[in-house]
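These are my notebook entries on one structure. I looked up its salt bridges, its sheet and one of its pockets.

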Amino acid sequence: MARVLVAPSARAGLERLIKTHTLPPTTKARVKRSLDRLGRFPLLGREIDQGRWSGYRFILGPWRWLVILYRYDEESDTVMVASFEDGRSSSAATASR
């Protein structure tokens with residue numbers, strides 16, 4: 001099982017989304033369940049092949065609009081979550097430009 005780490009900037013971004021989107025008190029527990037899947041299946045997400053986030057992967061959850069960006073390092077068997085983003089935003093990593 002891969003170790004899942006969350007970068008401090010990603011943690012701060014999630015806190016910001018909780019406040020700006022008035023997310024429920026269960027948000028962190030819901031996000032943790034999404035991250036637990038990455039521990040079991042670190043290559044679960046689709047790889048981004050262009051732009052700033054090229055080489056990163058992403059999954060959606062716990063809501064369809066919440067994009068979780070991460071990298072998997074096979075050598076250390078570690079998933080590093082880099083960002084939580086609102087996929088509906090034009091500045092999101094998965095947005096068409």
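Entry 1, salt bridges. I began with Lys28, which forms a salt bridge with Glu15, the closest N and O atoms lying 2.5 Å apart. Here a salt bridge is a side-chain nitrogen of Lys or Arg within 4 Å of a carboxyl oxygen of Asp or Glu. The pair links distant parts of the chain, with Lys28 in helix α2 and Glu15 in helix α1, 13 residues apart. Helices (H or I, at least four residues) and strands (E, at least two) are DSSP runs, numbered from the N terminus.

The model is predicted; local features need pLDDT of at least 70, side-chain atom pairs count only at pLDDT 80 or more, and totals for chains, interfaces and linings use all residues. Residues are numbered from 1 along each chain as its sequence is written, and side-chain values use heavy atoms, with hydrogens and water left out.

I then checked exposure, taking buried as under 20% relative accessible area, exposed as over 50% and partly exposed as in between (1.4 Å probe, protein chains only). Lys28 counts as partly exposed because its relative accessibility is 47%. Glu15 also counts as partly exposed, at 30%.

By the salt-bridge rule I noted a count of four. Another of them joins Asp36 to Lys32, with 3.3 Å between the closest N and O atoms. These two residues are four apart in helix α2, so about one helical turn separates Asp36 from Lys32. Asp36 is partly exposed, at 31% relative accessibility.

Glu47 and Arg57 also meet through their side chains in a salt bridge (3.5 Å, N to O). Glu47 lies in strand β2 (residues 46-47) and Arg57 in strand β3 (residues 57-60), so this pair ties together parts that are 10 residues apart in sequence. Is Arg57 buried or exposed? Arg57 is buried, at a relative accessible area of 17%, while Glu47 counts as partly exposed at 45%.

Entry 2, the sheet. I followed the Glu47 and Arg57 pair into the strands and found that Glu47 stands opposite Arg57 in β3. Two bridges join β2 to β3, and these strands run antiparallel. For pairing I used the rule that DSSP finds at least two bridges between two strands.

In what order do the strands of the open sheet lie? The five strands have the order β1-β5-β4-β3-β2, with mixed pairing. The edge strands are β1 and β2, each pairing on one side only.

β3 is joined to strand β4 (residues 66-73) by four bridges, in an antiparallel arrangement, and Leu60 stands opposite Val67 in β4. The hairpin of β3 and β4 has five residues between the strands, and Gly61 in the turn has a positive phi of about 145°.

Eight bridges join β4 to strand β5 (residues 78-86), again antiparallel. Ile68 has Phe84 in β5 as its bridge partner. Four residues lie between the strands of this hairpin, where Asp77 takes a positive phi near 55°.

The largest share of the lining, five residues, comes from α2.
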